[in-house]
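Hello,

Here is the structure I am handing over to you. My notes on it follow below.

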Amino acid sequence: MNLWFRLIWALLRACRLPAISPGDVIERELRVWPNDLDINGHMNNGRYLTLIDLMLIEYFVRSGFAKVMWKAKWRPMSGGAVITHRKALKLGQKYKLRFSLAGADVSWNYMHFEFIRADGVISAAGYMKGAAVGRQGLVPNALSYAAMGISFQLHPLPQAVQHWMDAEQAVMSKRP
């Protein structure tokens, strides 16, 4: 995380916004700043994922999960992301970042995100997966949701996420 001011702003902002429930959609209106740019003059592909991290923090704080993790001494962990870029975001351009829970399995939560330009065109979209980690490893979602007072139910994974997980398994499998 190299955006310290944005991190602090995200935390302060999240504390002032209304609480949400898992599954709610959150949005932020943002602008492309000079430090977001790459040598081609548009938002750097790595910056997209950094901004997703900031949205995840907001989601954790507003849903109450950050407080649960703090008390249980769990820490958040990203397990990967898949993103597709279609239309560039240029210096000074406004855009909306939309973020929501797309599905969950025993330990992982899969978040969908979209970067939407002011003209309504999707600049980039994708999924990221995250989980809570404790001393024993990944914290089962049944336990983490229960700690928030919510009954956990498996959320079917979108077909795109299932394809991503299949590809991930092939990439991570040991080859002779």
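Glu-27 and Arg-98 form a salt bridge, with their closest N and O atoms 2.6 Å apart. (A salt bridge is a side-chain nitrogen of Lys or Arg within 4 Å of a carboxyl oxygen of Asp or Glu.) Glu-27 lies in strand β1 and Arg-98 in strand β3 (residues 94–104), so the pair ties together parts that are 71 residues apart in sequence. Strands (E, at least two residues) and helices (H or I, at least four) are DSSP runs, numbered from the N terminus.

This is a predicted model: local features need pLDDT of at least 70, side-chain atom pairs count only at pLDDT 80 or more, and totals for chains, interfaces and linings use all residues. Residues are numbered from 1 along each chain as its sequence is written, and side-chain values use heavy atoms, leaving out hydrogens and water.

The salt bridge count is 9. Arg-6 pairs with Asp-36 in one of them, at 3.0 Å between the closest N and O atoms. Arg-47 also forms a salt bridge with Asp-36, at 2.8 Å. Both Arg-47 and Asp-36 are buried. (Buried means under 20% relative accessible area, exposed over 50%, partly exposed in between, with a 1.4 Å probe and protein chains only.)

Trp-164 sits in helix α5 (residues 159–172). Its relative accessibility is 11%, so Trp-164 counts as buried. Beyond its neighbours within four places in sequence, Trp-164 has contacts (heavy atoms within 4.5 Å) that include Tyr-110 and Tyr-127.

Ser-63 belongs to helix α2 (residues 45–63). Ser-63 is buried too, at 15% relative accessibility.

Best wishes
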